[in-house]
Every structure is written in structure tokens, then in C-alpha cells.
Amino acid sequence: MFVNVDPVFDTPDFPEQVDVVVIGGGILGTCAAYELARRGVSVALLEKGLIGCEQSSRNWGWVRQQNRALYELPLAMHSLSRWEAFSQEVGRDVGFRRSGIVYTTDDQESLDKWEVWGRQAREQGFIGQMLSAAEAHERAPGTTSRWLGGVWSPTDGRAEPAMACPAIAQGAQAHGAHVHQNCAVRGLDLTAGRVSGVWTERGRIRTSNVICAGGAWSSRFCRRHGVDLPAANIMGTAIQTTAAPEVTPGCLTTPRLALRRRLDGSYTLAMPGLGRVEISPQGLRYATRFYSAYRSKLAKKLQIRLGRSFFSGPEAAGRWEFDQVSPFERQRILDPMPDMALARATLAALHAEYPALKHVHLARAWAGMIDTTPDLVPVISPIDAIPGFTVASGCSGHGFGIGPAAGQLAADIATGATPMVDPAPYHLSRFSDGSRIRQPEMM
């Protein structure tokens, strides 16, 4: 089901030359373009469909530090400050509210893991609190489950996915960025092995630096240039309820349900960890890289099946010439069908957990493709074999929350600025240098 996003109007003139081209109008791409433009760098943000139309408007809308992989925590912490500043800087509401996030559990193993994680996270400046059973029920009143405890992160928040990317893209435009939708980048123009431009469906743009932030499409774009970006696209389903009484002002996760209070008085709901992976040429190519991930508890709820991904879309095989229609033009917007059985089960889980919401109905359901790396940590990295080419992708379902910092780091790398955090944990080479792939820590 197509997700409506706030409209963005294209920049009237199409550039012949810019300092940086950003491919992809999701949260990473828009944030990278915004940070570049406000530094005075000339930048073109090119989106094959509409700004924010794919996973960046289909996610849960959580902006969290809690339960991040520790490698991601610096990005998450920096992103929170940027989320809070955006609305004032761009003059448009991105829907961010610092309303806290609660995790509850009936499993002692989860409590033990959160406690260990919390001690390590506090060393980096994170603020969080372990909850007793009584405190968990106080933070999540009205539930029917008997919690052993939980964890509370008061400085975490939420934002509105359909509002955020368009607002940030318009903020970039206000600083002089070129923004063009329905304009696919077919490939890189290379001179002596380094970036000298991009080929788009509207012609060539000269540039010496390109940031690929294409989400589920990034790996296929990279393969066209001989760059291996290990990625699996996981299809997840989420729903929106009708307007409902407030049972939490922010975000809440139980073992069976995740919910976010929306600004319009409804909820976004999903069942944590549930999704499907379709067998595809890309999946087979990188299967060995995901061996550890698929054996972990985090992957036990995933369904694996054959589907359209084998023949078309971001995971299919095949080459194209830069003067030909590319796969990115054949499928402007990834709009997979939601799993309606899962959608109904999600609503039933809400009714079971909150009897006070038993009259709340399903307003709509949608699905999205989550670009995922083998260790669930993003790739934000220069491509050593192609000077001038930077990849920012593979956020593994965390991209919306960490997008502001991830985009800023990509902008730093592309322009040679001092990185805002240590970029080493996000380098693409970790999947090819012979080191052991890290076991995924957190969803």
C-alpha cells in the first residue's frame, strides 16, 4: 500500500555540475544533502521516485539510543540532538517529540542483556534506567501481561516518517541544494578510475564526489561498478490504527508488540522481529556473509521464500548500459504488499495487551524493504577502489533514528572534513578483510 508523504517541489533548474551528488532521497540522503548545503557545498539530491517514499516513510518512527549495537550508539546519540534541532532550523515540523521509550519483558535473559548493555552504554554518556516489575507496569499502565521488568530511556523520542524527509529536503533546498525527483541515477561516470560525474536519465552531471544512499537499491547500484556491498532486504509489515486513547505518550515495546503514539492520536504498530526474506540472486551471492546472522536468535522469526525479488527489483541480476532504461526507472517506488495476516495478528495483539483499546480498528497496513547488513551495523564508507565514491546504506532497520548523524558522517567522508564520529566501525572493508563478521547484537 502506497504511503503518502508530504510533497516536495523540484528545483527549477537541472545542474550541469555540482561538488557532490547524493543518490537517494531517504533519511540518509536528505540529511547528507542538508548538511552539505548548509556548509556551502553545491549538492544535487537525486531521487528515482519521490522524497522519502520508500522505507524512510514506512518505518516505525522511533528515534532511539536504547538497545542499539554499541558501534551505533555514537550515531544514535548525535542524531538525537540533530532531530531536536531540525524543526527550528528548517522551519518545518519533522514530528520529533522527546517522549521516552520503554521496553518491557517477561524474560530474565532479556533483562540480563539490557543490564550489561546499559553499563557499557553509560560509559559513552547514555542515560537509561532498569525497571523493576512494578516500575515497568507503572511505565506501561493498562497492560495485561505480568512483566519481570524493563528498561526506560527518557531522552529517546519519536518522529513522523511521512513528514521528516520532505521537511529536511526542503531545508536543503533553502540552503541552495538542487532536489530532483523521478530522476534515476543510472551509474557513475569514471575518468582514470575515479568519479568525474553521474549518468542520470536526464543526462550527465559533472561532479567529483558521489554519496550512494539508495537504501534497498544500493547494493545493486554498487555491483554495477564491481563493488560488493553485502545486503539482504527484509520485508516488514506495519499498521496504523484508528484514533485511540493514549496508553503511552511515546514508544513502547513488549515481546509481542511495538507501538508508537502518532501526532494524529492513532498508533503505529508492528510485531518485533517478524518479516520475510525472498530468495534472490543477491541473497545467494552474499549468503555466506549472513551465516552468523541467520543462526542468531534475531533471525528466528523471519520467513524465507521465493518471490518476485528473484526476477526484478533491487536484488535481481542483470546489467544495463547508462544510455538505457535502468532497473531504478522500471520500479520507481518499492511498494511491497503487506502481510495482512500479520497485520490482523498485530491488531489482535494490541487488543489482548490493552483491553481498553479493544474498540480500536485497523486503519491501514503497509510494507517496506529494510536493507540489512550481516552485522546489523550500517556501511558509511569511502569506496577505496573508486576515489570520490562514498556509500551510506545498510542501516538494518535503524536508519530513521540514526539518519541525521549517518548522513552527516557521509557528508564528512565525501568532502574530506573531520568525521563527526570515528568512521572505522562502518567501513565496508570489514566484510572482506578476512576478519570475523561481528555477531549481531541488537535489533
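**Close-up 1. Arg364 and Gln240 meet through their side chains.** A polar contact of 2.7 Å links the side chains of Arg364 and Gln240. A polar contact here is a pair of N or O atoms within 3.5 Å; within protein, one must be able to donate a hydrogen and the other to accept it, and residues adjacent in sequence count only if both atoms are side-chain atoms. This is a predicted model, in which local features need pLDDT of at least 70 and side-chain atom pairs count only at pLDDT 80 or more, while totals for chains, interfaces and linings use all residues. Residues are numbered from 1 along each chain as its sequence is written, and side-chain values use heavy atoms, with hydrogens and water left out. You will find Arg364 in strand β19 (residues 362-372); strands are DSSP runs (E, at least two residues), numbered from the N terminus.

**Close-up 2. Thr248 sits in a loop between two strands.** Look for Thr248 between β13 (232-241) and β14 (251-254). Thr248 counts as buried because its relative accessibility is 4%. A polar atom of the Thr248 side chain lies 3.4 Å from the backbone nitrogen of Gly250. Leaving aside neighbours within four places in sequence, Thr248 is in contact (heavy atoms within 4.5 Å) with Leu259, Arg261 and Tyr267.

Close-up 3. Two strands pair if DSSP finds at least two bridges between them. β4 (residues 101-105) pairs with β14 in the parallel sense over three bridges, and Val102 has Leu252 as its bridge partner. β15 (residues 257-261) pairs with β14 in the antiparallel sense over four bridges, with Leu259 as the bridge partner of Leu252. β14 and β15 form a hairpin with two residues between them. Which way do the β14 side chains point? Cys251 and Thr253 point one way and Leu252 and Thr254 the other, and all are buried.

**Close-up 4. Three strands make an open sheet.** Here the order is β9-β10-β11, with antiparallel pairing. β9 (185-191) and β11 (203-206) stand at the edges with a single partner strand each, so one side of each is left without a neighbour in the sheet. Four bridges join β10 (residues 194-200) to β11; in β11, Gly203 is the bridge partner of Thr200.

How values were computed
Buried means under 20% relative accessible area, exposed over 50%, partly exposed in between (1.4 Å probe, protein chains only).
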